[in-house]
Amino acid sequence: MLKECATVLVEPLSLLFQRSFDTGTLPANWETANILPIFKKEDGTDRANYRPVSLTSVPCKIMESIIKEKLMRFLESNNLLCKKQHRFRSGRSYLTNLLGTFEKWTKALDEGYGLDVVYLDYRKAFDSVPHRRLIEKRKSFGINGKLLQWLEDFLTLRSIKVGLRGTFSQLLEVLSGVPQGSVLGPLLFLLYVNELPSWIKYDMKMFADNTKLWCRIKTDTDSVVLQADLDSLQSWSDTWQMKFNADKCKVMHIGHSFQTKYSMGENSARKELELVHQIEIWV
């Protein structure tokens with residue numbers, strides 16, 4: 001409807017967008033989302049196996065697209081996004097992620113090394129981002145003024161209602177996370193985890209919330225480096241309140257027979273990571 005009526009609606013929408021940006025506030029109905037539960041896998045009776053996709057205002061998404069385009073241009077032109085991230089970025093994809101990874105892995109194997117690879121899993125990644133900490137991180141990227149105020153209002157004071165077969169729940173306040181299904185949500189998540197590579201000594205690749213890190217293995221003591229990296233990431237997790245799910249983090253040994261073991265978790269909850277020989281659709 002908006003596309004067909006563009007010539008009539010373009011001026012009032014532009015006035016609305018400018019007013020929203022100048023005041024740093026969003027209309028109330030832009031901050032209310034209908035949640036559509038999308039089934040992921042495994043047990044269909046477990047609500048944790050559904051992805052909460054937000055159905056939000058279409059005019060808001062148009063304004064989000066305008067802001068995202070300008071913001072991404074600023075971030076890319078100033079090289080503020082880490083090179084390890086291959087998701088939601090122009091010229092990068094699952095293919096560039098995989099090709100870069102396999103180039104480094106095959107080079108290590110050709111030089112006579114083995115590899116230990118750890119695949120990390122966040123606990124509800126997009127829904128767990130703390131709003132206040134995200135706002136502080138955005139300041140470190142040079143995002144301030146009216147844009148920072150608008151983004152802060154975009155994140156906070158949000159409410160949701162869950163819909164299923166035409167029936168909706170009561171409105172609930174959103175206390176954390178970036179809206180899944182929004183235009184800006186993925187970019188805001190990238191900003192939150194952007195510094196992750198600076199916390200480790202070896203190497204990693206990132207595809208949004210899918211993260212893998214590895215180290216070369218020549219002797220059984222080389223695993224100390226990778227365990228130290230995992231401990232550093234655990235410290236990052238504790239500091240920024242983005243928890244890893246140790247039960248779903250996996251380890252693969254490639255090109256060697258050392259039975260090295262790795263663990264993650266907080267104090268008494270620390271768990272040994274499961275060893276696997278193959279893994280499903282990790283990029």
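Start by selecting helix α1 (residues 6-23) and α2, which pack at an angle of about 65 degrees with their axes 11 Å apart. α1 is therefore roughly perpendicular to α2 (65 to 115 degrees counts as roughly perpendicular, under 35 as roughly parallel, over 145 as roughly antiparallel and the rest as oblique). Axes are lines fitted to C-alpha atoms, for helices over the stretch in contact, and angles run from 0 to 180 degrees between N-to-C directions. Helices are DSSP runs (H or I, at least four residues), numbered from the N terminus. This is a predicted model, in which local features need pLDDT of at least 70 and side-chain atom pairs count only at pLDDT 80 or more, while totals for chains, interfaces and linings use all residues. Residues are numbered from 1 along each chain as its sequence is written, and side-chain values use heavy atoms, with hydrogens and water left out.

Now show the side chains between these two helices. L13, F17, S20 and F21 of α1 meet P59, I62, M63 and I66 of α2 (contact means heavy atoms within 4.5 Å). This contact of α1 with α2 has 7 nonpolar, 1 polar and no charged residues (Ala, Val, Leu, Ile, Met, Phe, Trp, Tyr, Cys and Pro count as nonpolar, Asp, Glu, Lys and Arg as charged, and the others, Gly among them, as polar).

C60, M63, E64, I67 and L71 of α2 make the contact with L147, W150 and F154 of α6. By class there are 7 nonpolar, no polar and 1 charged residues in the contact of α2 with α6.

Next, select helix α5 (residues 131-140) with helix α6 (residues 145-155). The angle here is about 160 degrees and the axes are 11 Å apart; α5 and α6 are therefore roughly antiparallel to each other. From α5, the residues H131, R132, L134, I135, R138 and K139 meet L148, L151, E152 and L155 of α6. The contact of α5 with α6 divides into 5 nonpolar, 1 polar and 4 charged residues.

Finally, select R123, Q234, K243, F244, N245, A246, D247, M264, G265, E266, A269 and K271, which line the second largest pocket. Its lining has 4 nonpolar, 3 polar and 5 charged residues.

Definitions and conventions
On a 1 Å grid over the protein atoms alone, a cavity is a set of points where a 1.4 Å probe fits but cannot get out, and a pocket is an open set with protein on both sides within 12 Å along at least five of seven lines; lining residues have an atom within 4 Å of a point.
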